[in-house]
Amino acid sequence: MFRGQLRRAALAMLVAILAAAGMQLATGAPAAAVRTVYYDASRTGEFRTNFDQAAQIWNSRVSNVRLLAGTPASITIYVDDGWPRAQPTGLGSGRIWMGRTAVNQGYDRTRIATHEVGHILGLPDRRTGLCSDLMSGSSAPVSCRNANPSAAEATRVNSLFAGALAAPASTTYTWNGASDIGPLVVGGRPATENYPFMVYVSGCTGTLIKGNWAVTAKHCSTPSSVRVGSVNRSSGGTVVRVTRAVNHPSVDVKLLQLASSVAYAQAPIPSTSGAVGTATRIIGWGQTCAPRGCGSAPAVANELDTSIVADSRCSGINGTYEICTNNTNGNSGACYGDSGGPQVRQVNGVWNLIGATSRAGNNNSTCATGPSIYVDLPSIRSWISTQVGGLPV
């Protein structure tokens, strides 16, 4: 018995010595296999080195996953002018955007990059306001330069990749914390194209339909001027004075006559909007989060791919002159500030304008909880053409 105790004590001492040397002794419980996750930061422009640094930081803090640059990649990283954000599609896979908005406000580039990679590694936002917490994000002050995960954050990642914890459900995390269900057009993404027909209408959105005419929602106030031809509501394009507004007699549509014609491509209005199931896209400067008044308008317009659904999905719809538009995935759709904005569909590779944002389709003040109602512009095309002196063919 005494000899057995000596053997157990010797084995325990050997395990301790090997552990101190960074080695493991085979026991009854096998060590977790290290998973290699490849990332592609080739689209991040001036921020490439920050993501390489972020990978090195995570590799130095965790043991069950290793991040390597390479393809095919399970993490794809982009850059744009919006807020930084991450869209995990699984543990160790997803998309990241390095948004210049946070960088321009002074937040540390490498901290942002490491934080967003943390989301792909399974960590949610924890807005503690502490610089020591990597996942506190923008709740920590701009002066915070810490790009290292805390011990608790690193431990959680190790546990997730060891299979000891369930991976969190996929969602979209944005750096500014205004929404954790997606940026702006709720659940959408910053504009992937420079839509030349976009018109910013002082708190609403509009669409250029002729060189000197735009369409928006009747319930929007009439501005003294609009910005045309830019997806950024505060820069680019051309600012043009508004000389006249014409309201439709029954549906939620307003036409804005501009003081001069602009040379941007207009969005043509087709003869029909399309059948139920038609794939469409909505674009606008609506607020970032779902509850009314929870956030301000973004600088860059956002887009969401959606579709036409049956009128029966929308409460109080006028089926002859309105479109019921799906709230993608049950939590994505138009919001405050998107009013009047375009719903478009592609016809022979060209975006055609079929709708203008009107209101929620479920009488709920919280956005994207149900389908949205858009005015069916093809149904009133002849009226629009008469008012503007003929629409482009």
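Reader: What makes you place P72 in a loop?
Author: P72 falls between β2 (65-69) and β3 (75-80). Strands here are DSSP runs of E with at least two residues, numbered from the N terminus. The peptide bond from T71 to P72 is cis, with omega near 0 degrees. Most peptide bonds are trans.

Reader: What kind of model is this?
Author: It's a predicted model, where local features need pLDDT of at least 70 and side-chain atom pairs count only at pLDDT 80 or more, while totals for chains, interfaces and linings use all residues. Residues are numbered from 1 along each chain as its sequence is written, and side-chain values use heavy atoms, with hydrogens and water left out.

Reader: Why is N302 called buried?
Author: Buried means under 20% relative accessible area, exposed over 50%, partly exposed in between (1.4 Å probe, protein chains only). N302 has 0%, so it counts as buried. N302 sits in strand β15 (residues 302-309).

Reader: What makes the pair of N302 and V300 a polar contact?
Author: The term asks for N or O atoms within 3.5 Å; within protein, one must be able to donate a hydrogen and the other to accept it, and residues adjacent in sequence count only if both atoms are side-chain atoms. A polar side-chain atom of N302 lies 3.0 Å from the backbone oxygen of V300.

Reader: Why does N329 count as exposed?
Author: Its relative accessibility is 72%, so N329 is exposed. N329 is in the loop between β16 (322-325) and β17 (342-347), and has a positive phi of about 60 degrees although it is not a glycine.

Technical notes
Helices (H or I, at least four residues) and strands (E, at least two) are DSSP runs, numbered from the N terminus.
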